[in-house]
Amino acid sequence: MTRLLLTIILMLTARCALGGEIIVHPGQSLHDALRQAREWRRTGDPRCLDGITITLKAGRYYMQQPLFLRPEDSGTTASPLVIRGEQGTVLCGDPRQQHTQLWPREGMARMLAFNKQTRTITIPAPTRSELRTLLSASSVRRGITSANTSLEMVVHQRWAIAILRVRAITVHGDSVAVSFMEPESRLEFEHPWPQPVIGGDRGSSSFLLRTTEQRDGIEQLVILDGASHVTLDGLTFENTCWNRPLHQGHVTLQGGFPLIDAYQLAVPGFPWDSGLENQAWIERPVSAVTVRHAAHVSISQCRFQHLGATALDIESIDGGTVDRCTFDDIGGTAIMAGSFAESPREVHRPYTDLAPQCQHLTIKGNTIHDAANEDWGAVAISCGYVRHCTIADNQVSRVNYSGICVGWGWTPLFTGMQDNHIINNRVSDYARQLYDAGGIYTLSNQPHSSIRDNIISQPYPAPYATNDRGFRIYLDARTDGFTIENNVTEGRPIRRDEIGDNHPGPNLIFKQ
C-alpha cells in the first residue's frame, strides 16, 4: 500500500512519457522526478535501458534547497542520466536575494596606515555627514564610535581583497582608526600575504567603507556528489547569494579561497621550502553548481548568471566536459576545478595525492564575461591540482584578477600535475582591479603541459594597483614543465620578455 501511494504521488508531480523520459513542469518537484529515475534503476525498469532523460519544461524553478544527485542516481555508458531544459528553463533562488555589487561608484580611497599591533587600519576621516550616514549619529561626538552591524570595509591587497566587518571607529582629527570583528581581524593581521601595502610603487592600498543591505539566501542550486554518467544540458542557473561575509567576513589567500586559520612562522623554512614563512588553512568557496567524487559528467550549453559566489565547481572528477556554456555576472570564479589543498591540510605543502582526483577534464568553447564581481580575487577559470586537463577555445573578458589559472602548491617538486593544456583561448579585459595577475597564470611544476595559440590582450590599467605586475602570461612561483608557443597579443606574437616570471623552473620551453 505504501509503495502504491508513493507511485501515485510521483505520477501526479511528474508525467512519465515512454522511452525513459520524465517530464517536469514549473511548480512540480525536481526532487520527485529524480527519485522516480532512481527507482527505475533500482527496480530494473526496462525504460532505463537506453538512458533516462528528465526534461524540464520552460519556466522558473524556485529552489528552496539544492537538487542533490547521489551515487544511486548514476547512469552507465549505455544508459546515462540526462537532465535537460527546454529554452527558457531556469533553476533559481529568490530574485530578490540580490548580492551586493562591489564596484565602487565613486572610487576607492588610499589608506594611511596598517597597524598589526593594534589591529587597526587608519584612513582619512569621512565628513561628519558621511559618518552620520554610516554610523549611529548619537555616538559620533564621543570620538569612539560603535559601528552599525551592516558596515564593512573592503580592502585592496594586490592579488586579493578582504571584506572586514567593522567593530568600531576611533576619530583622531583628520583621520580615523578602524577595528574589526572576529574571526577576520585575527586572520587579516596575522597572515603575512596578502596584506595591504603602504608606500608601494604606485602608492598605498585602497579601501572602500560601505554599508550592505545583503541578507542570507540560497547559495547552492545543484550538488552532484558521487554520481557518474550524468549530463546537464540547456539549463540556466540564476540568482544565488553569498552569505559568508555577513557572518565571518572574508579574508583570502588567493583565487577567492577564504582563510580559516593563518599565521606567520617565527622561524621560516621547511624541508621542501627553506623560505616559507606563512602557514594557511583555507576552505572552498560556495558554488551554485557543485560536482565532486564524480566520473563522466557533461555540462553542456548551460547558462550561469547573476550568481553571488562561484558559478560551477568541479572539485573531483575522472572524465568530464564543460562545453558551450555561458557565464555572466558572476560574483566569484566562473569555473573552478580540482583540489586547492583545502583544510584540514595546510595549503603550502607539496601534496602528491590530489592531482589524480581531478583528471581528464575538458573545458571548451565557453564564454565567460563579467566574473569576480563580488570577490575581486576570483578568476574566470581556476584549476588547482589537476592533470590531463584541457582548457580550449574559451572566450574570457571583464574579470578583476587573472583570466585562466592552472596549478597550485608553489613548488618545483612533481606533485602529479601534468599534461595540462591551455589552447586557443581569447582573454581580454582582465586585471581590472587587482595586479600580480596574468591573462594566463600558472603555478608549480606541470610536466608535458602547454600554453599555445592563445590571443591575450594587455592587462587593464587597474586604478588601485600598488605595483605594475600585470602580464599577458604570468609564470608564477616555480612554474615549470610548460611549452609556450604561438601566443599573440595586439596582433603580434608575445615576446619572451613580456612574460612574467617568479622563480620559474629549468624545463620551460619558449617557442616564438
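**View 1. Ser 29 caps the N-terminal end of helix H2.** In this predicted model, a side-chain oxygen of Ser 29 lies 3.2 Å from the backbone nitrogen of His 31. Helix H2 covers residues 30-43. Several residues of H2 are buried, among them Leu 30, Leu 34 and Trp 40. Asp 32 and Arg 41 are also buried. After H2 comes Gly 44. The phi of Gly 44 is positive, near 70 degrees.

**View 2. Ten strands form an open sheet with parallel pairing: 10 strands in one row.** The order is S5-S16-S22-S25-S28-S31-S34-S37-S40-S44. Which strands stand at the edges? They are S5 (67-69) and S44 (500-501). Each has a single partner strand, so one side of each is left without a neighbour in the sheet.

**View 3. Strand S25 pairs with S22 and with S28.** S25 holds residues 310-314. S22 holds residues 287-292 and pairs with S25 in the parallel sense over 4 bridges. S28 holds residues 335-337 and pairs with S25 in the parallel sense over 3 bridges. Look for Asp 313 in S25. Asp 313 is the bridge partner of Thr 290. Asp 313 also stands opposite Met 336 in S28. How many residues of S25 are buried? The count is 5 of 5, and the strand is mostly covered. In a regular strand the side chains alternate between the two faces of the sheet.

**View 4. The largest cavity has a volume of about 80 Å³.** Rolling a probe the size of a water molecule over the atoms shows where empty space is left. A search of the whole structure finds 3 cavities of 30 Å³ or more. The lining of the largest one includes Phe 257, Phe 340, Trp 408 and Tyr 441. Gln 254, Ser 382 and Cys 405 are also among the lining residues. Which kinds of residue make up this lining? It divides into 8 nonpolar, 4 polar and no charged.

**View 5. The second largest cavity holds about 50 Å³ of space.** Its lining includes Ile 473, Ile 484, Pro 493 and Phe 510. Glu 485, Lys 511 and Gln 512 also line this cavity. Strand S41 (480-485) and strand S45 (509-511) each supply at least two residues of the lining. The lining divides into 6 nonpolar, 3 polar and 2 charged.

**View 6. Asn 425 lies in the loop between strands S35 and S36.** Strand S35 covers 421-423, and strand S36 covers 426-428. Is Asn 425 buried or exposed? Its relative accessible area is 0%, so Asn 425 is buried. What does the side chain of Asn 425 reach? It reaches the backbone nitrogen of Asp 393 at 3.3 Å.

Conventions: Residues are numbered from 1 along each chain as its sequence is written. Side-chain values use heavy atoms; hydrogens and water are left out. Two strands pair if DSSP finds at least two bridges between them. The expected span of a helix is 1.5 Å times one less than its number of residues. Buried means under 20% relative accessible area, exposed over 50%, partly exposed in between (1.4 Å probe, protein chains only). A polar contact is a pair of N or O atoms within 3.5 Å; within protein, one must be able to donate a hydrogen and the other to accept it, and residues adjacent in sequence count only if both atoms are side-chain atoms. On a 1 Å grid over the protein atoms alone, a cavity is a set of points where a 1.4 Å probe fits but cannot get out, and a pocket is an open set with protein on both sides within 12 Å along at least five of seven lines; lining residues have an atom within 4 Å of a point. Grid points are joined across faces, edges and corners, and a volume is the space filled by probe spheres set on the points. Ala, Val, Leu, Ile, Met, Phe, Trp, Tyr, Cys and Pro count as nonpolar, Asp, Glu, Lys and Arg as charged, and the others, Gly among them, as polar.
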